[in-house]
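Keep the model in view as you read.

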Amino acid sequence: MIPEMVSSVEMMLGRWKDHRGKEIEVFQDFKVLTSEIISRTAFGSSYLEGQQIFEILTRMVLIFSKNLFKMRIPGIGKLVKTQDDIQSEKLGQLIRNSVIKMIKKREAAMADWQEKVRNEILELFGQQNPSLEGISRLKTMSMVINESLRLYPPVVGLLREVKKGTKLGNLIIPEKMEVHVPSLALHHDPQIWGDDVHLFKPDRFAEGVAKATKNNISAFLPFGMGPRNCVGMNFAYNEIKITLSMILQRYRITLSPNYVHSPVLVLAICPQHGLQVTIKAV
Ligand code: HEM
């Protein structure tokens, strides 16, 4: 499995060679990379062979996500703007401004952490390709991955069906009811994470998830929980660690001024306008 992952990342890095010092859009590259890796490891083929299927799947996902939370109430239009609409537009602008400030702060923190993670990688692997044994010792990188999954969990919520009717505080929850567990909201709850909940602070994971969540481990759910949790969790961690190791061994990454921060839910959380970065050889 690891050699297939390494070869797929090598292919992507081969394409990056001509773009040193220039801007590249990596969201698309990462989509191709993860599809390439799953094709090689699970089906023994390559992304190009399965490209048509992946394209159809992407179209299906788009249609599904567009209709996921749609409530169809006949006869109600949105022709006239109410005071609430005008007010919420103003509030929207305020939120956008403060988000921009927050992102700038996060960007600075991210540059520091990039150096810390690169040092850890170089200490463990030098210029050699990462190994399975080695990636289990990437402690700083694990903290960075967990903090990224906390702020931007690709899957924003879990669904469960109630097996046996129960009482939860004042709520009576009947059998067979579908319950939505909002991971995204739990990941941003100041009661659990503290007042710095919106900041990128991988340090909070330095002593594990239990300490980071004040012993509420079910408040950190990037891969779900229980018997139906994500079967691909270890696969995903390995894939991320190998890819990051190989990129950071070679390149220093900076966010491009053309990047617009606008995470959007298309089944999973994605950067709406892509992820533009510049790469410089280390
Ligand atoms: C960062 C990458 C990934 C994230 C964040 C993620 C997240 C999740 C989450 C939240 C669930 C629902 C768990 C629950 O309801 O408790 C899930 C289910 C699942 N995931 Fe992943 N996943 C990732 C990558 C993968 C990969 C690479 C594979 C396959 C190789 C995979 C295969 C599955 C499968 C088969 C299920 C359904 C499990 C079941 O219903 O029993 N996932 N994933």
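A salt bridge is a side-chain nitrogen of Lys or Arg within 4 Å of a carboxyl oxygen of Asp or Glu. A search of the whole structure finds nine of them. The model is predicted: local features need pLDDT of at least 70, side-chain atom pairs count only at pLDDT 80 or more, and totals for chains, interfaces and linings use all residues. Residues are numbered from 1 along each chain as its sequence is written, and side-chain values use heavy atoms, with hydrogens and water left out.

Start in helix 2, residues 26-43. Helices (H or I, at least four residues) are DSSP runs, numbered from the N terminus. Here Arg 40 and Glu 36 form a salt bridge, 2.9 Å from N to O. The two sit four residues apart, about one turn of the helix. Glu 36 counts as buried because its relative accessibility is 6%; buried means under 20% relative accessible area, exposed over 50%, and partly exposed in between (1.4 Å probe, protein chains only). Arg 40, at 25%, counts as partly exposed.

Move on to helix 4, residues 83-125. Arg 118 and Glu 115 pair there, with their closest N and O atoms 2.8 Å apart. They are three residues apart, about one turn of the helix. Here the arginine, Arg 118, is buried at 1% relative accessibility. Glu 115 is partly exposed, at 30%.

Next, find Asp 196 and Arg 204. Their side chains meet in a salt bridge, 3.3 Å from N to O. Asp 196 is partly exposed at 24% relative accessibility, whereas Arg 204 is buried at 15%. Both belong to a network of salt bridges that also links Glu 147, Arg 150 and Lys 201.
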